[in-house]
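Keep the model open while reading.

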Amino acid sequence: RDIDQNGEYGIPSCSKLTIQLNSQGKRDRLAEVVKGVAKIIATPKMTKELLSCEFNRFEIIQTLCGTQRLVSLLPDEEVQKVVYYLNCIFLNFRSKFFSLPRVTDKDQALHESCLNFLLGILKGEDTPQNGVSPTPTIKPNDNDFSNKSTEEDLPETNVESNAGEMHWRNRLFVAWFLTYCIDESDLKIDDPEIMSRIWATCFRIIEGEVGQPLQRVSLGLLGRLVSLALVDLSENSLASESKAKNPDLAVLCDAFTREKFCRAFGTALVFDHREDTSVGGGHSAQWSLGVEEVLRDVLYNLAPRTLFPFQRISQKSHTFKLQHAQIVHAILLSIGHENAMITSKYLLNQAKDLVASPPSEDQRNQQCTAAEIFSGVCRALMQYSKNVVEQRDIWDTVLIPFLEEAVLKMPTNLMAAFFDACRYGIHHFPPNHFFPLLQWSVNKVKTTVWQHETNDSVEDSNNAASAMADRFALQSKWLFFVQAALIELDSEDDLGAVCQLPWYTNVLVTDAHQIDCKIAKNECNISYEEVELDKSWNFVNDNLIPCLLNALDHPYDKCRDHIASCLFRMCYCHRKFIDLSKALGNGKYQASKDPGVEIISQLMSVSNSDKYSFKEKHQALSTAQKFLSCCVHWGDAKHEFSEYIIPLLPLAFKSLQTTDDEVSSDHRGIEAETVKGFRFTIADISSSCVVPIGASQDMIRVLTTLKDMSQHQHWQIRQAAAHFLQCFQGCHKYLFSQELDDMAMDIAISLLADDRREVSNAATSALTGILAALPLGVVSGLVSKYILIANKSLKKKNKKKMETPQQQRVEESDAEAAKSKARAKRQQKSVYFLCAAVLGRPYDMPKFVPEALTALSKHSFEQRASLSVREVVKMCCSEFKRTHTDNWEAHKKQFTREQMEALEDVVSTPHYYA
């Protein structure tokens, strides 16, 4: 094409360079020129110019699609470099591509020519000759590239096909160009042949290119076509004029009413997942240049972006592709109700086969695709159903029979995919639309979950143990699955938006997307009476809650996880339902019983219940601990903390107590796991749960509980209370009033004189944070008070006494011991308090710090204090010296000579001449 342009703009003609060989018979000069030209074209300025009009776009598309023959002429060592430069042109074109309005007939003709050219390449008709695209006869005007050419100047795209089969990578780029060049106006052009060829090409590639990247790009093309068709249908159904032109979807309907193509479509969805790196050595795919970007763009074209799930409970599965469910849903909406029923049957039959697929490297993707197909089918059929009778019939005859079979075959580790699939299928539908699903899943839990009264002893044989494990695995599936329906009972959106859905639900639930406009205009008058939330919650309260509460001590840890999650979901969703119904002033919905009252009452009684054995008791406590964790991480600070966490806080502390009796090693291990779990949960509550502003009563309730736990007879509980106080006060110190500060300080001071060093050290740390947040004047007054107590509590030398009768000596000894013990308590409390006051000022030097250090130095000698007191004094003085080293010269001036000598007596190292 550039044979007559040799030397123009200083660039040699590539056509002439093809015959120039070096001494080794290679075309080195051709490679250098191609690299230079490609580098120039890849600049941002050139890319902007190439995208400015339809003619330039057609030119660059033809050029990039015809590089196969050119690359084959280059030396082998230059091929990789040239491919890299050509890929840079494509990546810049891809990153800056935008939809260009076609305002003239000439632009539309160029656009149609471009589509015909791309379709011809994919079909094998218009393969560019000798690696160079056909030369269009049009010559654009130098001043206007888009609007000043005549109709007879259109490019000619018919060339001989003698370049051989096109490389798969080039065909991939051709499919990408075709996908992004199509817009909504193409579906309604006067010439139906182009759209028929596009649909046919898309379907042919999906059926023929099994497992190839080109098949994945064709899925993106199909998704884009279906999305544009739905947009046109939606706009036309809402248009006031009856002359709106609908896109012709006869080819789409014909393809998806054939079982063979439906199976090919399902297979294409399987291969559109990422490779399962857990098998086959764990290697991820390695694509050539540009392929990964093309495949990434496929995901954006499969379906429109959505904000699903619109709630705090996000998706559970990382392999479940929401876009696959969306494209199935969109296709079923596009082809009409009758065709959708036929297609749904074909797709669900294939989904059953995918769920039961044998072990292979594609097994995970096949089973996950089955969940995606079910999700899209479920959502489409729910939108097509016009009344409760149709909804019940769809669930009983189509959807539930599939779930009966699929859940049994689905591995436990992939149940999260069906969890997300079920949520998407019923998301933002009123509860009466999926009440059959709720009823069925609750009955499954009710009939399969292990119950305390029927706790059969597990046989010793391996077969019996294996059967028990399988039964528990099935129970965990149903317990996990029922949570999807419980989550969607969240009435925050449904109850207030059943008559006018929010703007962000248009992509998911909008009757305007249905083909039958009568449903959208005449038969969708949803009222509050149709939202049977009260009916759903009454069913859950009567059937699910008693079953779960009787299985708190379930032997299987995974089942206990799901039981705790179910209990939390019921409390959380029902509480939001009651709050919103009150806000709407609708008293009808307040009739259902609050499940949270019964659940909390049952959990609080676990530790004192007589119906549990040692092992069962700790298993039930483990369920309570998991419930608390759910409240901390999934609940709201305003409600869950006040209504569920604070009432269960005493149970959490008391569960840290270990038994002193002789128990088996297995029981001791179960007990240790329970204690470990509650320690983590208590730490989460103390640091993660932030009480909202104005809820001072909740903080008082927490501190009251800590005060009770600080007086418990077991030191582990007292230590946990001290650690909890430290974190809780640190998170809420700006919300503490004077009353709360006094309560927190009293608790910490009461633990300073504890007999266990672990408790007193934890209390000192808590008191340090409390004192650091108090005003300096208040701390100074307290320090002066405890200095006096510390000075009076020093040990005194024993005086010689006259001999007295033995009985009198015993009485005096007992009195002296009691007096000495009280003095040691006062000494420990005052010294620890002074240490906390000093450690609370690590970077400044208030007036009370030298005074406190002077008083502490008197307790560092063996004859005046116990070992624990002496060690904490030395630790405090050493830490003070370390934190004040940087500005010690300034800080030292605030000490008197006597105070400095007292400090040096503690921190200085003893030597021989001392």
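Q: Is D353 buried, partly exposed or exposed?
A: This is a predicted model, where local features need pLDDT of at least 70, side-chain atom pairs count only at pLDDT 80 or more, and totals for chains, interfaces and linings use all residues. Numbering runs from 1 along each chain as its sequence is written, and side-chain values use heavy atoms, without hydrogens and water. Buried means under 20% relative accessible area, exposed over 50%, and partly exposed in between (1.4 Å probe, protein chains only). With a relative accessible area of 44%, D353 is partly exposed.

Q: Which residue meets D353 in a salt bridge?
A: A salt bridge needs a side-chain nitrogen of Lys or Arg within 4 Å of a carboxyl oxygen of Asp or Glu. Here the N to O distance is 2.9 Å, and the partner of D353 is R263.

Q: How many residues apart in sequence are the parts that D353 and R263 tie together?
A: Helices are DSSP runs (H or I, at least four residues), numbered from the N terminus. D353 lies in α15 (residues 337-355) and R263 in α12 (residues 259-271), so the parts tied together are separated in sequence by 90 residues.

Q: What separates K35 and E32 along helix α2?
A: Their side chains form a salt bridge at 3.4 Å, N to O. K35 is buried at 13% relative accessible area, whereas E32 is partly exposed at 47%. The two are three residues apart in α2, which means a separation of about one helical turn.

Q: Which residue pairs with R102 in a salt bridge?
A: Both residues of this pair are buried. The closest N and O atoms are 3.0 Å apart, and the partner is D183.
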